[in-house]
Amino acid sequence: DIGTMFHSSTQRKHWMFSSVEELQETRKQPNRVYAKTFSDQFEDFLTDKEELQLCRAYEVEAGKLCKQLFRDNTAARFPVLATTLAFFKRFYINNSVMSHHPKDILYTCLYMACKVEEESMPMDSFANHIFPPEERGGGADCVLRNELLLMQGLRFHLA
């Protein structure tokens, strides 16, 4: 029965919140932890509202990247964009932008979303579409380095 399956799912366990307030409070935690951890090294930190604004700016960028990546395949563009945004938003519910740069995480979300939505491509092809020539090698390495971090941040359960 689908209802029983959902009730015991990781989707429900990790990504369903009882209220907007619970979601907002969960989002604030990583910011507080980061500020507390590094308060002896730095004086100023982003507020949780500033972190959210920064994430929103990168969410807009995601649309541009999908359009660039799937110029000739609009049917693939929208599912990949939706999955990219879901991954990105979920990652930053439990992580601070001060710990993991949103640009790096966004590119990794996009690459993983391509895989999930069965639009997978070799990394060199992905890098050629997304990164300027001088950033392709470093950008590709960054995406590959962050794949496991993203999967952990999304609480993927790999069997």
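Q: Which helices each supply at least two residues of the lining of the largest pocket?
A: Helix H3 (20-37) and H4 do. Helices here are DSSP runs (H or I, at least four residues; strands are E, at least two), numbered from the N terminus. A pocket is found on a 1 Å grid over the protein atoms alone: it is an open set of points where a 1.4 Å probe fits, with protein on both sides within 12 Å along at least five of seven lines, and lining residues have an atom within 4 Å of a point.

Q: Which helix gives the largest share of the lining?
A: H4, with seven residues.

Q: What's the volume of that pocket?
A: About 270 Å³. That volume is the space filled by probe spheres set on the grid points, which are joined across faces, edges and corners.

Q: Before we go on, where does the model come from, and how are residues numbered?
A: This is a predicted model, where local features need pLDDT of at least 70, side-chain atom pairs count only at pLDDT 80 or more, and totals for chains, interfaces and linings use all residues. Residues are numbered from 1 along each chain as its sequence is written, and side-chain values use heavy atoms, with hydrogens and water left out.

Q: Back to Asp48. Where is its place?
A: In helix H4.

Q: Is Asp48 buried, exposed or partly exposed, and why?
A: Asp48 counts as partly exposed because its relative accessibility is 30%. Buried means under 20% relative accessible area, exposed over 50%, and partly exposed in between (1.4 Å probe, protein chains only).

Q: What is Asp48 in contact with, leaving aside neighbours within four places in sequence?
A: Lys28 and Asn31. Contact means heavy atoms within 4.5 Å. Asp48 and Pro30 are 18 residues apart in sequence, and their C-alpha atoms are 8.8 Å apart.

Q: New topic. How many helices and strands are there?
A: Eight helices and zero strands.

Q: How much of the protein is buried?
A: 36% of its 159 residues.

Q: Which residues have the most contacts inside the largest nonpolar core?
A: Leu69, Phe88, Leu110, Phe126 and Ile130, in a core of 35 residues. Such a core is a set of buried Ala, Val, Leu, Ile, Met, Phe, Trp, Tyr and Cys residues joined through side-chain atoms within 4.5 Å.

Q: Which elements give two or more residues to this core?
A: Helix H4 (48-69), helix H5 (74-91), helix H6 (102-116), helix H7 (123-130) and helix H8 (136-153). H6 gives the most, nine residues.

Q: What does Phe126 touch beyond four places in sequence?
A: Phe126 is in contact with Leu69, Tyr107, Leu110, Tyr111, Met121, Phe131 and Val143.

Q: Last one. What is the phi of Glu118?
A: Positive, about 60°, although Glu118 is not a glycine. Glu118 is in the loop between H6 and H7. Glu118 counts as exposed because its relative accessibility is 72%.

Q: And the phi of Arg155?
A: Near 60°, a positive value in a residue other than glycine. Arg155 lies in the segment after H8. With a relative accessible area of 35%, Arg155 is partly exposed.
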